[in-house]
Amino acid sequence: MEPLELVAHLRAEASAAGLDLVQPFSIVRWHQVRRPEEPWLGQPAHLAVVFGNHRRLWTVLGQQQRLAPVDPIDHWVTTRLEAALRGTPVVERHWAHAAPPPPLLRMAFASGLLSPSPIGLGVHSRHGLWTAVRAVVSFSVAWSEPAARPTPSPCEGCAAPCAAAAAPLPPPRRREDLRAAWPDWVQVRAACPVGVAWRYSDAQLRYHYAGEGAPGATGSGEADLL
Ligand code: B12
Ligand code: SF4
């Protein structure tokens, strides 16, 4: 498969699964920032791809009759992406939910999909703080591109209302910390003027932050909080 054909295939399969954020990048960009203990991914001139989602994933999941009873989103993402990867020259695959967790946010920054924000989350030039990163996969396929980030960070010149909203809150260390004050943490994300229209639905927010409710048409199961 030609590189552009491979990327088109991955985009189509990921989008059908509700993963609309698909960012190809040259591995050299990761090697420029990679710490020694972090994954190698592959040859510098080869291709890696970040897969993520915005609010539409919840809609796609809502149409499914059967989802895994535990960590349904993680299972959905793995199953659908593994199917898309069949027959492709994969070198490494890294899932957001793996243990120990791979540094997917840093990879998403290197790829240009997201920029770092003052509150630690990645910010997208269109979707703001309303995105998730699900996986990074590398391939033994040549891929070249300019080293510069394609779009400037939306944080440049912003007065950072996100940081002001986060300032009074103790930094969350565990999921339990988040659950205790989750509406406040939603307000931190909502304070960003970028991507206001892409805010998650109330059901999606309750699920991700409080572990209440579930995706899918049957609406049962145990939550994956991220
Ligand atoms: C562990 C973890 C957490 C822990 C953080 C523990 C800590 N601070 O030490 C807890 C459970 C608290 C958490 C919370 C949240 N997280 Co979190 N988290 C992760 C996870 C699984 C691993 C991060 C990690 O250890 N990486 C490995 C180390 C070596 O790399 P690192 O880049 O140095 O990682 C550090 C930061 O990522 C930081 N971190 C993780 N999440 C957050 C959120 C904020 C705001 C900050 C300041 C830091 C932070 O913790 C890591 C260790 O210090 C990643 C998925 C992944 N694999 O990357 C998601 C991830 C970073 N989290 C994510 C999200 C969305 C959240 C929540 C909004 C989830 C929620 N519904 O509540 C909240 C954020 C709350 C807030 N402040 O607004 C997204 C970020 C997407 C994006 N666009 O930026 C990720 C990528 C998961 C995903 N599938 O998309 N998270
Ligand atoms: S509020 Fe401003 S500083 Fe914060 S993430 Fe959004 S654009 Fe960046």
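Helices (H or I, at least four residues) and strands (E, at least two) are DSSP runs, numbered from the N terminus, and the legends below use these element names. The model is predicted, so local features need pLDDT of at least 70 and side-chain atom pairs count only at pLDDT 80 or more, whereas totals for chains, interfaces and linings use all residues. Residues are numbered from 1 along each chain as its sequence is written, while chains are lettered from A and ligands numbered from 1 in the order in which they are written.

**View 1. The loop between β6 and α6, with A160.** A160 is found in the loop between β6 and α6 (161–166). Its phi is near 60°, a positive value in a residue other than glycine. Most residues other than glycine have a negative phi, and most peptide bonds are trans. With 15 other C-beta atoms within 10 Å, A160 is partly exposed; here a residue is buried if 20 or more other C-beta atoms lie within 10 Å of its own, exposed if 12 or fewer, and partly exposed in between, the C-beta atoms being placed from the backbone.

**View 2. The whole protein.** The secondary structure of the protein comes to nine helices and six strands. The radius of gyration is 17 Å, close to the 17 Å that the globule rule gives for 226 residues, so the protein is as compact as a globular protein of that length; this radius is taken over C-alpha atoms, and the globule rule is 2.2 Å times the number of residues to the power 0.38. The C-alpha trace spans about 45 × 45 × 30 Å along its principal axes, and 37% of the 226 residues count as buried. Among contacts between residues at least 6 apart in sequence, 75% join residues at least 24 apart, where a contact means that the C-beta atoms of two residues, placed from the backbone, lie within 7 Å.

View 3. Four strands, in the order β1-β2-β6-β3, form an open sheet with antiparallel pairing; two strands pair if DSSP finds at least two bridges between them. The edge strands, each of which pairs on one side only, are β1 (21–26) and β3 (90–95), and the twist averages 15° from one strand to the next. Strand β2 (residues 46–53) and strand β6 (residues 132–142) run antiparallel and are joined by eight bridges, with N53 standing opposite A132 in β6. Helix α5 (residues 104–111) lies across β1, β2, β3 and β6 and runs at about 60° to β6; axes are lines fitted to C-alpha atoms, for helices over the stretch in contact, and angles run from 0 to 180 degrees between N-to-C directions.

**View 4. The surroundings of ligand 1.** Ligand 1 is surrounded by 28 residues, of which the closest are P101, G120, L121, G122 and A132; a residue is near a molecule or strand if its C-beta atom, placed from the backbone, lies within 6 Å of it. Two or more residues of this shell come from each of α5, β6, α7 (175–180), α8 (182–190) and α9 (202–210). By class, the shell around ligand 1 divides into 18 nonpolar, four polar and six charged residues, where Ala, Val, Leu, Ile, Met, Phe, Trp, Tyr, Cys and Pro count as nonpolar, Asp, Glu, Lys and Arg as charged, and the others, Gly among them, as polar.

**View 5. The surroundings of ligand 2.** Around ligand 2 there are 13 residues, and the closest are S117, C155, C158, C162 and C192. The shell around ligand 2 has 12 nonpolar residues, one polar residue and no charged residues.

**View 6. Helix α9 and the residue after it.** L205, Y207, H208 and Y209 in α9 are buried, and what covers the buried residues of this helix includes α7 and α8. G211 follows α9 and has a positive phi, near 70°.

**View 7. Loops on either side of β3.** T88 is placed in the loop between α4 (72–85) and β3, and with 14 C-beta neighbours inside 10 Å it counts as partly exposed. Not counting residues up to four places away in sequence, T88 touches M1, L6 and F139. P100 lies in the loop between β3 and α5, and the peptide bond from A99 to P100 is cis, with omega near -5°.

**View 8. D71 in the loop between α3 and α4.** D71 lies in the loop between α3 (56–62) and α4, and its phi is near 45°, a positive value in a residue other than glycine. D71 has 18 C-beta neighbours inside 10 Å and counts as partly exposed.
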